[in-house]
Amino acid sequence: MTFKVFIVEDDEMLLSLLEKFLQKYGFETFCVKNFDQLLIDFRSFQPHLVLLDINLPKYDGYEWCKQMRNISKCPIIFISARDSKMDQVMALEYGADDFITKPFDYEITLAKIKSHLRRAYGTYSALSHQRIIELDGLQLNLDRLTLTWKSNTVELRNTEAKILDLCMKQIDCIVSRDQLLENIWDDQAFVDENTLNVYIRRVRNKLDQLHLNGALQTIRGEGYRLTPIWREII
Amino acid sequence: MKLFLQEQISLFVLNVLQLSFIILLLWLDGFHELQKLVYPIFFSFFLLLLYLCYRYLTNRTFYERLSTPVQSINTFNRKVQSSPLSQSLGKLLKDQSERYRKELQSYKDQLDQHIQFINQWVHQMKTPLAVIDLILQNLQNKEAGEISYELDRLKKGLDLVLYTSRLSVFDRDFFVEKLNLESIVRTVTSDLKRLFIRKKLFPQFQLEPSLTVTSDEKWLSFVVMQIVINSVRYSPKDSKILFRSFHRGKTTVLEVIDSGVGIPASDLPRVFDAHFTGQNGRNFHESTGMGLFLVQKICQNLSHQVEIKSIVSKGTTVRISF
């Protein structure tokens, strides 16, 4: 089942970035270009979820939210630079279900969308698209947290998956330690230089378990590089 | 009363002179039976006394107002008695106060407009920042990382402007609740992770997980962020910034301890002054001098105490007591 997302945002660049991002994850999107037609388009598109900015031409986001609420009970998520408590409370009072502040993170946005869809429409495993990165037979599944190669699968911890995600997206390129640190830094985890070393060691262990020893190389003074040695192995 | 009496002295003297003059004339004219004059003199003074009493009672507010110092704008709106002097003064003061009130109001309106403009502008600036951020999230390479770092600086700069302008209308966006201190500190350090990583510093936590404080989340987070930015700025590579929280009697305390360059004792008493950059500001060229000023003002508004201790080349400790 493909979920439909209705995006109301007047900055064109932001609109196009959001659209591309959501389409990549298998959502069908409608971007509002003509604000006079907004409610008509809303009615005909019948979205499962709405992303709504506050600073808009004609009426502000709160007003649009109210009007959309008269038509549908679908989840509405506000996106705005306004971050005061009053703004957030107002958004919820007007009928929104959540609030994301700009600048925002792709991952967090996706997680929130999924969570609201799950709550409104039941299980989200109906989402056809799982986050999978595949490179010449090596498959990293970010939703299941597994790494698979040649019908062997290892399970990964969250942090290990993040490291592999970063390295695979920049396959055969050097990923700096700083970049890795930034990625694995988490509110709850205690992170320092040593923590990174420990996790790199763990990732290497997992790769070893798949008989891909040496794929993750240390580049002195720069960072790490994941080389696609599995391309050579038959 | 004192003012009244001071003023009436000349009238009293005039009365005495008048009477003396009349007595003198009568005496020179041949009238020598002074005992007969005792009653008229007495009566005359009695009349004078009655007059003075009447004068005082009808102008009491007038004299009172003239002798008491002005406490506030509202002093001008007290009731007036019906005597001509009182009325005139009353009207004069009322006119003056109206004029000042109008002028004050026009400044308040200007300030409101200015704050509104700043709010709108900052929020509009955040949209292009969000766009750049999203593009960088798609790129994920070395240059993207460096641009992200600068983007963070821009965002922090915008927040600084926003909070500074909100400070003058603090009570408009002020929401008090019970907050978990550890989670506030961790969220702030997480927001600043790029800064920590770039400067090769790491936070160390000795925070009591159950400690809660009563405060406003946004303002408190901003305060902690300013303190941490300072600590990071003035600390050497590979050192740690320690966050401690504990109970001390009835108060809860949060300490941010760094082992950086420290603040010279001569600068220490002035660090909370606006625009003060001191020795470190001159040596490091990065300060606006507003960080600690905002920290103190916000803490005052939240009824928290902030203290700072420092030893040059050893480090600095900033302590917030709730």
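Is Asp53(A) buried or exposed in the predicted model? With a relative accessible area of 3%, Asp53(A) is buried, because burial is assigned to values under 20%. The residue lies in strand E3 of chain A, which comprises residues 49–53. In UniProt, an unreviewed entry lists Asp53(A) under "modified residue: 4-aspartylphosphate". When neighbours within four places in sequence are set aside, the contacts of Asp53(A) are formed with Val8(A), Glu9(A), Asp10(A), Gly61(A), Phe78(A), Ile79(A), Ser80(A) and Lys102(A). One of these contact partners, Lys102(A), is joined to Pro103(A) by a cis peptide bond with an omega of about -10 degrees. Pro103(A) belongs to the loop that connects strand E5 (98–101) with helix H5 (106–121) of chain A.

Chain A as a whole contains eight helices and twelve strands. The chain is divided into domain 1, covering residues 4–127, and domain 2, covering residues 132–233. A distance of 34 Å separates the C-alpha centres of these two domains of chain A. The C-alpha trace of chain A extends over about 60 × 35 × 30 Å along its principal axes. Of its 234 residues, 51% count as buried, and the accessible surface amounts to about 11,400 Å², with 46% of that area belonging to carbon and sulfur atoms. Among contacts in chain A with a separation of 6 or more, 53% involve residues 24 or more positions apart. A backbone feature of note concerns Lys150(A), which adopts a positive phi of about 50 degrees although it is not a glycine. Lys150(A) is placed in the loop between strand E8 (146–149) and strand E9 (152–155) of chain A and is partly exposed, with a relative accessible area of 44%.

Chain B is divided into domain 1 (2–100), domain 2 (106–170) and domain 3 (175–321). The C-alpha centres of domain 1 and domain 2 of chain B are 67 Å apart. The UniProt annotation "transmembrane region", taken from an unreviewed entry, covers residues 12–31 and 37–57 of chain B. In the model, residues 12–31 of chain B are 90% helix and 0% strand, with 25 Å between the end C-alpha atoms. Residues 37–57 of chain B are 100% helix and 0% strand, and their end C-alpha atoms are separated by 30 Å.

An open sheet of five strands with mixed pairing is found in chain B, in the order E2-E4-E5-E7-E6. E2(B) and E4(B) run parallel and are linked by six bridges, with Phe205(B) opposite Phe243(B) in E4(B). The pairing of E4(B) with E5(B) is antiparallel and comprises seven bridges; here Ser245(B) stands opposite Leu254(B) in E5(B). These two strands, E4(B) and E5(B), form a hairpin with two residues between them, and Gly249(B) in the turn has a positive phi of about 65 degrees. E5 (residues 251–258) is in turn joined to E7 (residues 315–321) of chain B by six bridges in an antiparallel arrangement, in which Val253(B) faces Ser321(B) in E7(B).

Helix H6 (residues 181–191) lies across E2, E4 (240–248) and E5 of chain B, and runs at about 180 degrees to E2(B). In helix H10 (residues 291–301) of chain B, the buried residues are Gly291(B), Leu292(B), Phe293(B), Leu294(B), Val295(B), Ile298(B) and Cys299(B). Their cover includes the sheet strands E6 and E7, together with helix H5 (142–167) and helix H8 (217–233) of chain B. Just after H10(B), Ser303(B) takes a positive phi of about 60 degrees. A positive phi of about 55 degrees is likewise found at Lys200(B), although Lys200(B) is not a glycine. Lys200(B) lies in the loop between helix H7 (193–198) and E2 of chain B and is partly exposed, with a relative accessible area of 27%.

Definitions and conventions
Residues are numbered from 1 along each chain as its sequence is written. Chains are lettered from A and ligands numbered from 1 in the order in which they are written. This is a predicted model: local features need pLDDT of at least 70, side-chain atom pairs count only at pLDDT 80 or more; totals for chains, interfaces and linings use all residues. Side-chain values use heavy atoms; hydrogens and water are left out. Two strands pair if DSSP finds at least two bridges between them. Helices (H or I, at least four residues) and strands (E, at least two) are DSSP runs, numbered from the N terminus. Contact means heavy atoms within 4.5 Å. Axes are lines fitted to C-alpha atoms, for helices over the stretch in contact, and angles run from 0 to 180 degrees between N-to-C directions. UniProt positions are given in the numbering used here, feature names are shortened, and annotations may be inferred rather than shown by experiment. Buried means under 20% relative accessible area, exposed over 50%, partly exposed in between (1.4 Å probe, protein chains only). Accessible areas come from the Shrake-Rupley method with a 1.4 Å probe; for residues, only the protein chains shown count as cover. Domain bounds come from an automatic or database domain assignment.
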